[in-house]
Amino acid sequence: MDIAQERTEDRNLPFDVFARACPSRGTLEHVTGRWGGLTLGALHEGSLRFNELRRRVDGVSEKMLSQTLHALERDGLVHREAQPTNPPRVDYELTPLGREVAERLLSLIHCVEERMDDVLAARERYDGMRGTF
């Protein structure tokens, strides 16, 4: 029995992200992809309109943000609220599930940010040994 099978059986879960056909794999991709992770992190700060979110997630195109929000909404992580005003107002916020996922993701983000000095030093050592970059 491999580690992935043991992990699934130990936790008694019906899904296994390590299995090719498991639907959890797509959701993991949405959450951990560059724009999904940053979008969830930004929305953890509170409800945002599309352009506010686009400014907060520096570098994301309008098209990519729109695709990301659709995927996260479909997965039940983001709620889209359209107000019937002129011009229309659309707000995005995390669902309870989205908030739980974002909190776990933010722990990872904070860990990476806190350890960037170590990462940069490791890159420098690696590049020095390989003569790359």
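**Walking through the model**

Modeller: The protein has seven helices and three strands, where helices (H or I, at least four residues) and strands (E, at least two) are DSSP runs numbered from the N terminus. This is a predicted model, so local features need pLDDT of at least 70 and side-chain atom pairs count only at pLDDT 80 or more, while totals for chains, interfaces and linings use all residues. Residues are numbered from 1 along each chain as its sequence is written, and side-chain values use heavy atoms, with hydrogens and water left out.

Biologist: Thanks! What pattern does the protein follow along the sequence?
Modeller: Reading along the sequence, you get α-α-α-β-α-α-β-β-α-α.

Biologist: And what percentage of the residues is buried?
Modeller: Buried residues account for 26% of the 133 residues. Buried means under 20% relative accessible area, exposed means over 50%, and partly exposed is in between, using a 1.4 Å probe and protein chains only.

Biologist: Okay, what about helix α3, is that mostly covered or open?
Modeller: Mostly covered: α3 spans residues 34-44, and eight of its eleven residues are buried. Those are W35, G36, G37, T39, L40, G41, A42 and L43.

Biologist: What follows α3?
Modeller: G46 comes after α3, and its phi is positive, near 140°. As background, most residues other than glycine have a negative phi, and most peptide bonds are trans.

Biologist: Speaking of peptide bonds, which one is cis?
Modeller: The bond from N86 to P87 is cis, with omega near 0°. P87 sits in the loop between β2 (78-83) and β3.

Biologist: Switching to charges: how many salt bridges does a search of the whole structure find?
Modeller: Five. The rule is a side-chain nitrogen of Lys or Arg within 4 Å of a carboxyl oxygen of Asp or Glu.

Biologist: Which residue pairs with E100?
Modeller: R104 does, with the closest N and O atoms 3.2 Å apart. Both lie in helix α6 (residues 96-114), four residues apart, about one turn of the helix. In general, an α-helix has 3.6 residues a turn, so residues three or four places apart point the same way.

Biologist: What about E62, which partner does that have?
Modeller: E62 bridges to R54, with the closest N and O atoms at 3.6 Å. E62 is partly exposed at 46% relative accessible area, and R54 is partly exposed too, at 32%.

Biologist: Let's look at the loops. Where does T95 lie?
Modeller: T95 is in the loop between β3 (89-94) and α6. T95 counts as buried at 17% relative accessibility, and its side chain reaches the backbone nitrogen of G98 at 3.0 Å.

Biologist: And where is R115?
Modeller: R115 lies in the loop between α6 and α7 (116-130), and is partly exposed at 48% relative accessible area. The side chains of R115 and D118 are joined by a polar contact of 2.6 Å. A polar contact is a pair of N or O atoms within 3.5 Å; within protein, one must be able to donate a hydrogen and the other to accept it, and residues adjacent in sequence count only if both atoms are side-chain atoms.

Biologist: Last topic, pockets. Which residues lie nearest the centre of the second largest pocket?
Modeller: G37, L38, L106, I109 and E113, out of 18 lining residues. The elements giving two or more residues to that lining are α3 and α6, and α6 gives the largest share, seven residues. On a 1 Å grid over the protein atoms alone, a pocket is an open set of points where a 1.4 Å probe fits, with protein on both sides within 12 Å along at least five of seven lines, and lining residues have an atom within 4 Å of a point.
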